[in-house]
Amino acid sequence: MSIFEATFPSAQEEVAEAYENVSFFRRHMDDAGLHPRDLRTPADFRRLPATAKVDYRRNFPTGVLAKGATLSDPFVFRSQSSGTTGERLLTIAHTFDLAERMTTTAGAHPGMQAVFAAARPQRVCRYAAPNCSDVECATPFTTSESRTLFDGTRVLPVAHDLLATPKSMVDQAVAEITDYDPHWLYTDPMHLAFLSRELSERDLAPPPAGGAVLTYNLVTQIARRQVDRVFRDSSIVVEVVSMSELGWMGMECPEGFVHMNAQSFYLELLVGDRPAEPGELAEMYVTSIGDQISPHLRYNTGDIYTLLGGDCACGHEFPRIVFEGRGRDVIRRDGAVRLTPKGLDRLVGDPGWLELYKLRQLADDRYSFRYIPAEGADHTDAAKALGEQVQELLGADARLTVDAVDYIECERSGKFLPCVSDVES
Amino acid sequence: MTQTHTPTYADGRHDVRGDFPVLRRTVDGIDVSYLDSAATSLKPQSVIDAIVRYYAEVGANIHRGKHMLSEEASHAYEMARVRLAQFIGAQANEVAFTAGTTHALNTLATGLRLSPDDLVLVSADAHHSQQLPWRHHARVEWIPVGADGLVDLDRYAELLRQRPRVVALTHCSNVTGRYAPVAQMAAMAREQGAITVLDAAQSVPHRPVDMHALGVDAMAFSGHKMLGPTGIGVLAISAKIFDAVAPADHGGGMVDWVDVEKSVWRRPPHRFEAGTPHIAGAYGMLAAVDYLERLGMDEVAAHDTRMAQLLHREAAARDYLTILAPGEGERSGIVSVGVRGCRDLSELARILSDSFGIMCRSGHLCAQPLVDELAHGQVLRLSAYVYTTEQDALRAFDALDNTFPLVGA
């Protein structure tokens with residue numbers, strides 16, 4: 001039995017509970033001509049049609065809440081995904097479920113686990129796209145009190161368009177971190193890389209924090225280098241895979257590999273309808289375990305992963321994966337995958353001449369690669385060579401422009417995505 | 001003998017006319033040759049479809065609600081801003097949507113809070129929209145333009161010594177098609193501490209324009225001259241002068257906070273977009289930029305240059321035509337001419353339209369001081385764009401040859 005299948009019996013129970021107590025899932029299974037007792041093996045399980053955001057959105061709240069659950073439960077945590085990509089979602093979860101998932105996930109990194117354990121009560125600073133927090137943090141006159149969440153998390157001010165953040169707002173963020181003295185930071189890696197560059201430019205020491213979590217977004221090698229340069233000596237920096245609707249799902253171990261939480265979830269990494277082999281691009285489907293308020297069954301995360309084979313030197317048993325990017329950001333031509341955001345990151349690497357970049361697919365055959373060179377770097381020839389490599393992957397007939405710029409916009413979500421497609425897949 | 005050519009756009013096509021429904025029209029059975037693109041461009045089907053899509057499938061207001069349709073409209077609107085910014089080498093927060101170039105320049109002239117004693121230098125070949133707002137708010141002196149359509153840089157340097165607050169430049173004249181050396185002029189203005197404001201309505205549609213590379217502090221252009229819809233344009237304001245520009249219009253959408261005593265403006269560019277904007281227009285603008293980028297702006301510019309050469313060569317070959325600002329040099333696909341002995345060019349334009357299907361413009365072209373000085377108040381203008389072919393231009397000159405004996409002398 002694979003590590004993925006260790007929780008299969010729990011997933012069967014989750015399906016049975018959902019069938020009995022959640023009206024959407026009863027209808028969903030009835031429509032598919034299935035009953036929980038039909039799902040005896042992992043292969044049977046894959047006959048259950050996958051669910052997607054649209055199902056949870058359309059049926060919220062009455063259709064997806066378990067019998068007896070209410071929104072007024074004091075332990076219910078509401079989560080709104082931004083909705084700026086057309087995939088908005090309002091979901092709820094029990095705070096103790098989220099805490100259990102976080103704790104189990106953090107088992108991948110004992111050092112980070114120790115940071116969390118020592119933080120009582122937890123003081124966390126969040127630095128991410130404004131839409132990632134349900135408070136207004138993108139205007140310069142908000143107060144720190146107005147940006148403090150119910151759990152004490154301090155949301156730092158930042159503009160919707162990251163690179164257009166005024167210097168005064170950066171100063172404000174730096175001052176607030178210092179003042180708040182957080183145990184750890186919860187950040188978008190592109191945002192923390194931006195803050196790191198600003199700190200370096202100001203010749204300031206890193207803010208006091210035992211750890212920094214990088215989530216919400218792909219962690220590029222360049223962003224990681226910029227973050228590490230500032231934080232490595234004083235903080236543990238880890239990548240975390242999380243979803244607003246499910247909480248923490250994976251964490252980077254001390255060896256630098258992300259381990260998925262195969263205990264709090266039943267995870268399926270699939271190519272089409274078969275389990276993925278190591279090295280294959282796969283879609284992730286998640287079934288919650290023991291969620292008594294709003295279970296998720298075979299939930300298509302919309303994200304693309306690669307499974308890594310073999311055991312990890314860190315000794316952690318959870319499976320190792322590489323987050324390749326959101327499915328909607330994958331570069332496809334004629335329906336075939338040409339490049340994932342992580343694939344682009346692998347191609348770009350971490351050259352010293354490059355500070356930031358964005359590849360945007362404008363149409364099936366049109367692409368724009370813009371980059372911000374490092375100050376004073378001799379970049380022209382290197383960028384040309386990189387452009388040729390990207391061109392090779394996109395196809396000889398693709399029209400790719402490569403331009404050095406001093407500014408690159410964020411998406412409307414407020415996220416800075418290094419690889420994005422405007423083409424509907 | 002005229003050299004023939006067809007444009008080759010970056011997407012490999014030579015003929016884009018099929019994308020423009022108006023070009024399928026006939027006038028009393030005669031094909032249309034549209035040579036009035038300096039007034040407004042035709043719209044490709046993709047732009048029309050984008051506008052229809054907003055009204056047919058979305059319809060909601062932006063930035064006002066939490067419902068899905070509003071989010072979708074807001075996303076498209078902001079994407080249009082991002083793509084427009086990229087198109088002109090600006091930051092997204094430097095791009096404010098306006099009703100058009102005229103509205104943009106009025107917004108800026110008002111927002112700079114000029115006093116009547118402040119000096120503004122204005123190019124003599126400026127469109128009325130780059131003249132009148134400044135004349136309304138401040139004292140104006142003219143940057144002279146010679147009979148060849150070129151800016152008198154020596155005189156400009158002298159004028160700058162008066163330390164104007166604003167220098168209002170015209171990138172490309174809508175009358176002569178001449179390009180001004182804007183980067184040089186902006187650098188000279190900067191040395192004197194002046195804010196440079198560029199009317200780019202005739203340049204942005206036709207060639208790659210980079211606001212920061214030009215070194216201007218603000219620039220304005222319209223959607224309708226670049227294949228987009230009417231009623232929407234752009235005021236691009238460099239972040240360096242954000243603090244110097246106050247909103248000209250006040251109301252919903254431009255404030256973060258309002259109580260009974262005070263209000264707090266939103267950050268740029270939203271503070272410059274009071275009220276519900278032209279949302280469908282933004283959908284159309286996004287489609288227009290996408291269309292132009294698909295053609296390739298380098299190829300669009302090359303076609304424009306070739307059309308300029310063709311129009312001027314054909315006009316110069318006819319002794320009954322007098323070209324405004326003749327001669328070599330950088331110019332857009334525009335030629336304005338006087339017709340010997342023809343007292344009423346509007347009648348000639350009407351004949352070209354109704355009898356030959358040639359749509360062109362006559363009059364002072366909203367640049368009356370220049371046309372009064374160089375052509376006694378009226379010209380006939382032929383102007384080209386991406387869909388204009390050599391055959392269009394040659395048809396127009398054939399029609400002029402045909403008509404001149406009857407209307408000229």
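**Entry 1: chain A against chain B**

I began with the contact between the two chains in this predicted model. I found that 18 residues of chain B and 15 residues of chain A take part in it.

I then looked up which elements of chain B supply two or more residues to its side of the contact with chain A. They are helix 2, spanning 68–87, and helix 8, spanning 279–295. Helix 2 of chain B gives the most to that side, and I noted 8 residues for it.

Next I sorted the residues on the side of chain B that touches chain A. I noted 8 charged, 7 nonpolar and 3 polar.

**Entry 2: the domains of chain A**

I turned to chain A and its domain assignment. Domain 1 covers 3–327, and domain 2 covers 331–421. For the centres of domain 1 and domain 2 of chain A, taken over C-alpha atoms, I wrote down a separation of 26 Å.

I also looked up the contact between these domains. Domain 1 of chain A puts in 25 residues, and domain 2 of chain A puts in 20 residues.

**Entry 3: the domain 1 side**

Which elements of chain A each supply at least two residues of the side of domain 1 that touches domain 2? I found helix 9, at 221–231, and strand 14, at 320–326. Strand 14 of chain A gives the most to this side, with 4 residues.

Last, I sorted the residues on the side of domain 1 of chain A that touches domain 2 of chain A. They split into 12 nonpolar, 9 polar and 4 charged.

Conventions:
Residues numbered from 1 in each chain as written. Chains lettered and ligands numbered in written order. Predicted model: local features only at pLDDT ≥ 70, side-chain atom pairs only at ≥ 80, totals over all residues. Contact = placed C-beta atoms within 7 Å. Nonpolar A, V, L, I, M, F, W, Y, C, P; charged D, E, K, R; others polar. Domains from an automatic or database assignment.
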